[in-house]
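This briefing is meant to be read with the sequence and the 3D view side by side. Please look through both slowly before turning to the points below.

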Amino acid sequence: MTCPRIMFCGEALIDFITTDGSIYHAAPGGAPYSASKAASQAGAQASFCGAISMDLFGEQIAEDLARHGVDTTFAARLDNPTVLAFIQVCEDQHPKYAFLDRDSTMVNMKPSLPAGTLRAGDMLVLGSISLVVSPGADNIVDFALNESQTATLAVDPNVRPGIISSHQAWGPRMNRLLSLSDMVRVSTEDLEFYAPDDTPEQFANARLSETAGLVIVTDGEHGAEAWSRSGHAAVGCRKAAGGDTVGAGDTLMGYSLAWLAENDVTGKEALAGLGDDALNQMLRLASCAAEMNCEAVGCNPPVRSDVDTRLDSR
């Protein structure tokens with residue numbers, strides 16, 4: 001049996017992280033980029049097809065993906081500069097963001113794949129700020145909707161309000177994507193911006209009434225919930241010490257996708273058929289990985305063996 005491929009598309013950038021406002025720690029980041037590393041660390045066949053710059057930072061990004069076992073065969077290399085993200089971690093460990101993205105690889109992204117690269121059961125994963133600024137954002141949506149005729153489409157909005165200058169452009173684009181997605185992951189902070197009148201369950205039910213078969217809603221240290229058309233599960237989260245929450249949602253997303261691939265439930269109908277027990281297994285693994293990510297600074301998804309050991313000790 002061929003293992004499902006998980007293809008990630010979106011921004012690859014450099015995070016500059018500070019806790020005191022003066023000293024910054026630089027590391028590769030970006031939601032789909034980080035989720036691809038998490039999926040690979042979890043044992044999945046992960047690929048990245050977002051654009052990567054030819055500049056100094058782009059070289060660091062490409063090397064980091066290779067080091068984590070993520071295939072970059074389909075990642076276009078562009079002359080445009082890498083997006084730079086500045087992140088200040090506050091006392092409550094929740095980060096604040098600022099972005100430098102003018103004429104960047106993200107804004108100029110135009111992803112494509114050779115015909116037949118993605119097969120039924122493979123997953124195409126989109127997110128976050130790459131879905132904000134055109135023409136790149138519109139190019140990604142057009143690409144995704146074409147590929148979703150065959151592959152399973154997963155979307156993680158991972159909203160960053162500071163970069164969304166026009167809700168009139170971003171909102172309809174996101175509505176279009178979510179209405180056609182097979183899997184959706186959002187945080188409660190995302191919902192406060194995108195659907196402030198919806199509870200997590202209401203949002204999930206709305207997506208499940210359209211094309212989605214699986215919806216995951218994360219709520220930081222309060223844990224995560226998942227809904228399918230056949231089940232529901234909720235898990236708590238143990239508070240991590242010594243790090244920050246940067247990349248926690250990306251790690252949870254990557255590990256969730258890896259669990260789905262490992263258990264051969266990546267097809268559109270298979271997602272809808274996930275029951276309570278299966279959803280609980282997926283969330284326990286993914287939430288533990290996210291917790292371990294938060295024990296370090298920045299996005300550092302753990303390897304699968306370490307996550308399994310942590311779970312076995314509980």
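Aspartate 264 counts as partly exposed, because its relative accessibility is 42%, where buried means under 20% relative accessible area, exposed means over 50%, and partly exposed lies in between (1.4 Å probe, protein chains only). The model is a predicted one, in which local features need pLDDT of at least 70 and side-chain atom pairs count only at pLDDT 80 or more, while totals for chains, interfaces and linings use all residues. Residues are numbered from 1 along each chain as its sequence is written, and side-chain values use heavy atoms, with hydrogens and water left out.

**Backbone angles in the loops**

- Most residues other than glycine have a negative phi, and most peptide bonds are trans.
- Aspartate 264, which is not a glycine, has a positive phi near 55°, and this residue is found in the loop between H7 and helix H8 (268–272); helices (H or I, at least four residues) and strands (E, at least two) are DSSP runs, numbered from the N terminus.
- Asparagine 158 also is not a glycine and has a positive phi, of about 45°, and its place is in the loop between strand S10 (152–156) and helix H4 (167–180).
- The peptide bond that leads from serine 134 to proline 135 is cis, with omega near 10°, and proline 135 lies in the loop between strand S9 (123–127) and helix H3 (136–147).
- Glycine 43, which follows H1, has a positive phi near 105°.

**The surroundings of asparagine 158**

- Asparagine 158 counts as buried, because its relative accessibility is 8%.
- When residues up to four places away in sequence are not counted, asparagine 158 touches Ala31, Ser128, Arg185, Asp190 and Asp250, where contact means heavy atoms within 4.5 Å.
- Asparagine 158 and glutamate 189 are 31 residues apart along the chain, and their C-alpha atoms are separated by 8.7 Å.

**Helices H1 and H10**

- Helix H1 (residues 31–41) is mostly covered, since eleven of its eleven residues are buried, including Ala31, Tyr33, Lys37 and Gln41.
- In helix H10 (residues 304–312), the residues Arg304, Val307 and Leu311 are buried.
- These three lie on the same side of H10, because they cover an arc of only 65° around the axis, the arc being that of the directions from the helix axis to the C-beta atoms.
- An α-helix has 3.6 residues a turn, so residues three or four places apart point the same way.
- Thr309 and Asp312, on the other side of H10, are exposed, and for aspartate 312 the relative accessible area is 66%.
- The buried residues of H10 are covered by parts of the structure that include H1, helix H7 (248–262) and helix H9 (276–293).
- Aspartate 312 and tryptophan 259 are 53 residues apart along the chain, with their C-alpha atoms separated by 17 Å.

**The packing of H7 and H9**

- Two packed helices are described by the angle between their axes and the distance between the axes.
- The axes of H7 and H9 come within 8 Å and cross at roughly 145°, where axes are lines fitted to C-alpha atoms, for helices over the stretch in contact, and angles run from 0 to 180 degrees between N-to-C directions.
- The residues that make this contact include Leu252, Tyr255 and Trp259 of H7 and Met282, Leu285 and Asn293 of H9.
- By class, the contact of H7 with H9 has eleven nonpolar, five polar and no charged residues, where Ala, Val, Leu, Ile, Met, Phe, Trp, Tyr, Cys and Pro count as nonpolar, Asp, Glu, Lys and Arg as charged, and the others, Gly among them, as polar.
- Asparagine 280 lies in helix H9 and counts as partly exposed, because its relative accessibility is 30%.
- Leaving aside its neighbours within four places in sequence, asparagine 280 is in contact with Ala233, Ala234 and Val235.

**Cysteines**

- A search of the whole structure finds zero disulfides, a disulfide being a pair of cysteine sulfur atoms within 2.5 Å.
- Cysteine 299 is in no disulfide, and the nearest cysteine sulfur, that of cysteine 294, is 9.3 Å away.
- Cysteine 299 is buried, with a relative accessible area of 10%, and cysteine 288 is buried too, with a relative accessible area of 1%.
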